[in-house]
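Hi,

Here is the structure I promised to pass on. Have a look at it first, and then read my notes below.

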Amino acid sequence: MPWRSPADDDADDTRMEVTPPERAAAGLPGVRAGLGASLREMGPRRTALTLLRVNQKDGFDCPGCAWPEGDHRHVAEFCENGAKAVAEEATTRRVTREFFAAHPASELAGRSDHWLGRQGRLTEPMLKRAGRDHYEPVSWDEALGLVAAELTALSAPDEAVFYTSGRTSNEAAFLYQLFVRAFGTNNLPDCSNMCHESSGSALTETIGVGKGSVLLEDLHRADLIFVVGQNPGTNHPRMLTALEHAKKAGARIVAVNPLPEAGLIRFKNPQKASGLVGSGTPLADLFLQIRVNGDLALFQALNRLLVERDAVDHEFLAACTSGFDELAAHLRTLDWEQVLEATGLSRERIDETLAEVLRADRIVVCWAMGLTQHKNSVPTIREVVNFLLLRGNIGRTGAGVCPVRGHSNVQGDRTMGINEKPAPAFLDALAAEFGFEPPREHGVDTVEAIRAMREGRIRVFFGMGGNFVRAAPDSAVTEAAMRACRLTVQVSTKLNRSHAVVGEQALILPTLGRTEQDVRGSGPQFVSVEDSMGMVHASRGRLRPASPHLLSEVAIVCRLARAVLPGSGIDWAALEDDYDLIRDRIARVVPGFADFNARVRRPGGFTLPHAPRDERRFPTASGKARLTVNPLEVLRVPEGRLLLQTLRSHDQYNTTIYGLDDRYRGVRAGRRVVFVHPADLEAFGIADGALVDLVGEWADGVERRAPRFRVIGYPTARGCAAAYFPETNVLVPLDSTADVSNTPTSKSVIVRLEPVG
Ligand SMILES: Nc1nc2c(c(=O)[nH]1)N[C@H]1C(S)=C(S)[C@@H](COP(=O)(O)OP(=O)(O)OC[C@H]3O[C@@H](n4cnc5c(=O)[nH]c(N)nc54)[C@H](O)[C@@H]3O)O[C@H]1N2
Ligand SMILES: Nc1nc2c(c(=O)[nH]1)N[C@H]1C(S)=C(S)[C@@H](COP(=O)(O)OP(=O)(O)OC[C@H]3O[C@@H](n4cnc5c(=O)[nH]c(N)nc54)[C@H](O)[C@@H]3O)O[C@H]1N2
Ligand SMILES: [Mo]
C-alpha cells in the first residue's frame, strides 16, 4: 500500500466548480476578495488598523511576498494576497489549551492544511511528552529548559538541526545563527534551499553576488522585461504595478510560461479608479508558451543567434567578462532540433523574441520558481546571465537580473548568516566580534537534513517558522524522518501539520507576528527586513499581540541561548531587551550595515551595496563576470507520461491554504485538480473531469501516488501538467534535486495519470 497523507482525505472537494480561466488579474474582484478575507478574520476595526499600515514607511512590512515598496506609496500599498496574508496572521480566532485537550496530535494529523490554518493563532507554549498523544500547556521556562536539556545531551552539536522559514526578521535571524554557531553547528537549512537556492548558486558563480542586480527604477526604465517562470498576478501582485509603469514608459514584455497566467496577459490596477472597472493594461507583448524545463534551450538559442549575428557588446565583454570564446564555440554546436523539442516553440517564435531583444538597449530578466526547481536550474540561470552579459545588460540602468524572492525576509535571513554553507569571511567577522571560534565545516541543507533525520544522525529538529513536513519533498519520507527525531520544536504563529507529525517529544512555541506590537524591557521595539531588491527597512507592528503569553522570536532565541550556553560570554539578556544592541552587533559583522541603527530609522530605509549593479565590478575569483558553457540535455518524458509542475493556487501562501478557490484559473471549491492539455487527454483517452491518481515515476522504483485528482482540460503546454503544492509533494522524490543547489525538482516530476475505477 503506497503512503498517502491522511490529511488529504479530509479535503472536501465534492462541491468543486470549474470554469474557463480568466484573462486579467486584480481589479475589483481582487479588492473584494482581499477585503472579504480581512473582514471575515479580523472584523472592521482591525481591518482598518492593519491594512492601512501595510508597507507604509512607519508601518509593518507585509508578511506576504518580498516585492519592494518604492518611493511613492499609495495609502493602500498592499494587494489582495497581501491582505489575505495579513488577515491570516491578524485573525481573531485562537488555538487554546482547551483546543489541544480536545484534539490529540494523531487527530490533527488527519486534518487538512486548510482546516488546521483556520483554527487561529497559537496562544501559549505546548508540550507533547514522549508516549502521549495530547499536547499540554507548559511554561516558557520549562519548555526552553527541555530544549536545552535535549541539546546538551547530544553527543555532538551536529545531531541537531535548526531550520528557518523566510519571515524571520533580520534581528531574530542574526541572533539565531549566532546561537546555533556558538552551540557548535552550521546545520542551518532554510526555505531558500527549496526556493531560490539555484538563483543564489548561479549568480554567485557568474557575477560574484548571489542577489538580483536591479532596483525598482531599473524595471521602470527597462526597454524589455522578460518574466520567466513566475506568476506575479498571484504571488507578487504589486509587481504588476511596476510592469504597468514600465509599459507606460514604453517597455515591452515577454512572458515565458507553460501556462497563460492571468496577470501576465492583462492587469487591472486596483489602486487606480480606471483599473477598478476598465479592461486593464495588456501586459505581455509576447507570450512564449514554453514546455516545462525548456528555458535553458530557449536562452541558449537566443544566445546562439546573438553571437551568430555578432549582436554582442564587445567592449563590455572584453573589459568585464571571461569565457566568451568557449561560450561562442559551444553555442555553434547548438542543435536546433533539440531546441524546438525542449521548448515546444517554433523557430518563428524564437526569431520574434530575438527581434525584441535586438531592439532593446536595456533588458531585465525576472524569474521565480519556474526556473529554480528543476535538475538543470543552475545551468538555466547561468544561461540567463550569459544572455544578459552578451549585450552588457548587467551593471547598467534599466537592465539586470531580477530573481523575485518569495518570503518577505528570505533574502535578509541569508544576509544575516542563515546559511548552512557560510562564507569564511562571515565566520571570521563573527569570531572577531563575539570572541568564539564558530564551526567551519558545512552543515546540512534541507534535503540532507531529512536524510540525516531518517538515518538517526539528527535527533533534534528546531524550526524557526515554516511548515517543514509540508513544504519539504517526498512527504512520506519527510514525515517518517520527523517522527524519528527525539525532539521536534516549532516556533510558530499558526497551527500546521508540522505540529501534528512530530518526534517522540514535541514543543510548540508561539510567537509574535509582523503585525503585532513587540514591547521589551527597554520599550517598544521594531525589527527590519530586506526586500527582493536589497532594500533594508524597519517594520513595526501595531496590533495587540494575539495572546499575552507570546514571545518575540528574538526573545525566544535569547532565552534559549541563556539556557543552553550559560557561559557564552554574550549578554543575551541585554540583546533581548533592546534590539538596537542587536543592530549594533550586526553593523560590525555584516558588510553594508554600517550605522545600521541610524539608517534603518530613515523613512524608507536604505539600499545594500551590490558591486555589479553599483560599479560594474564583479567580485568573482577572477574579478570578471563569468560566461559559462552549459551542456543542453532535453528532459525526455516516456510515452504516455507527463511532466508535472507543482505550483501555487491564488488562495494559498505556500502551505497555508486561505481558501479552496483559484479564481484566475477558474477553479472553485477544490484543490485536488490536475491541469492537462486537452489534446494530451484525448491521446490518453481520459475525459475532462475524470478522477485520476497521479503516480510518480522515478529511478528508485518506489511508487509515489497522490490519489484522486480531478482532471481539468487546460491550455498548458503540450506534454505538461500542473497541480498544487503541497498536496503533490508526496510525488517529489527526495533524491531528485537540482545540480549544484540541491533544490528539490518540484517543477519537473514525471507522472502518469491512472484513472480511478
Ligand atoms: N499569494 C502568495 N504569494 C506568494 C506565495 C504564495 O504561496 N502565495 N509564495 C511566496 C514564495 S515563498 C515564493 S518562492 C513565490 C513563488 O512565486 P512563483 O514562482 O510565481 O510561484 P509558483 O506558483 O510556484 O509559480 C511558478 C510559475 O512558473 C511557471 N513554470 C513552471 N515550470 C516552468 C518552466 O519550466 N519554465 C517556465 N518558464 N515557467 C514554468 C508556472 O506555470 C507558474 O506560473 O511567491 C511568494 N509569494
Ligand atoms: N512541491 C513544492 N514544494 C515546495 C514549493 C513548490 O513550489 N512546490 N515551494 C517551496 C518554497 S519556494 C518555499 S519558500 C517553501 C516554504 O516553506 P516554509 O517557509 O517552511 O512554509 P510556509 O508554508 O511558508 O510556512 C507557514 C508557517 O509559518 C508559520 N509562520 C508564519 N509567520 C510566521 C512568523 O512571523 N514567525 C514564525 N516563527 N512563524 C511564522 C506559521 O505557523 C505557518 O503555518 O516550500 C517549498 N516547497
Ligand atoms: Mo519560496
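**A loop residue and its neighbours**

Let's start with Asp313, which touches Leu390, Arg391, Gly392 and Arg396, leaving aside residues up to four places away in sequence. Before you go further, keep in mind that this is a predicted model. Where does Asp313 sit? You'll find Asp313 in the loop between helix H15 (295-308) and helix H16 (314-320). One of its contacts is Gly392. Along the chain, Asp313 and Gly392 are 79 residues apart, yet 5.8 Å separates their C-alpha atoms.

**How the chain is divided**

Now zoom out a bit. Which domains is the chain divided into? There is domain 1 (94-195 + 409-609), domain 2 (197-404) and domain 3 (641-755). Note that domain 1 is written as two stretches, 94-195 and 409-609. If you take the C-alpha centres of domain 1 and domain 2, they lie 35 Å apart. These two domains do touch: 13 residues of domain 1 are in contact with 12 residues of domain 2.

**Around ligand 2**

Next, click on ligand 2. How many residues surround it? The count is 30, and the closest are Tyr163, Ser165, Asn496, Glu553 and Thr655. Sorted by type, the shell around ligand 2 has nine nonpolar residues, 16 polar and five charged. Why does ligand 2 lie between domain 1 and domain 3? Because both domain 1 (94-195 + 409-609) and domain 3 (641-755) give residues to the shell around it.

Here are some atom pairs to look for:

- Gly466: a polar backbone atom of this residue is 3.1 Å from an oxygen atom of ligand 2.
- Ala471: a polar backbone atom here is 2.8 Å from a nitrogen atom of ligand 2.
- Thr493: an N or O atom in the side chain is 3.2 Å from a nitrogen atom of ligand 2.

On its own, ligand 2 has 920 Å² of accessible area, and the protein covers 96% of that.

**One helix to look at**

Last stop: helix H23, residues 424-434. Which of its residues are buried? They are Phe426, Leu427, Ala429, Leu430, Ala431, Glu433 and Phe434. And what do the buried residues of H23 pack against? Their partners are three helices: H8 (170-183), H22 (410-415) and H29 (579-589).

Cheers

How values were computed: Residues are numbered from 1 along each chain as its sequence is written. Chains are lettered from A and ligands numbered from 1 in the order in which they are written. This is a predicted model: local features need pLDDT of at least 70, side-chain atom pairs count only at pLDDT 80 or more; totals for chains, interfaces and linings use all residues. Side-chain values use heavy atoms; hydrogens and water are left out. Buried means under 20% relative accessible area, exposed over 50%, partly exposed in between (1.4 Å probe, protein chains only). Helices (H or I, at least four residues) and strands (E, at least two) are DSSP runs, numbered from the N terminus. Contact means heavy atoms within 4.5 Å. A residue is near a molecule or strand if one of its heavy atoms lies within 4 Å of it. A polar contact is a pair of N or O atoms within 3.5 Å; within protein, one must be able to donate a hydrogen and the other to accept it, and residues adjacent in sequence count only if both atoms are side-chain atoms. Accessible areas come from the Shrake-Rupley method with a 1.4 Å probe; for residues, only the protein chains shown count as cover. Ala, Val, Leu, Ile, Met, Phe, Trp, Tyr, Cys and Pro count as nonpolar, Asp, Glu, Lys and Arg as charged, and the others, Gly among them, as polar. Domain bounds come from an automatic or database domain assignment.
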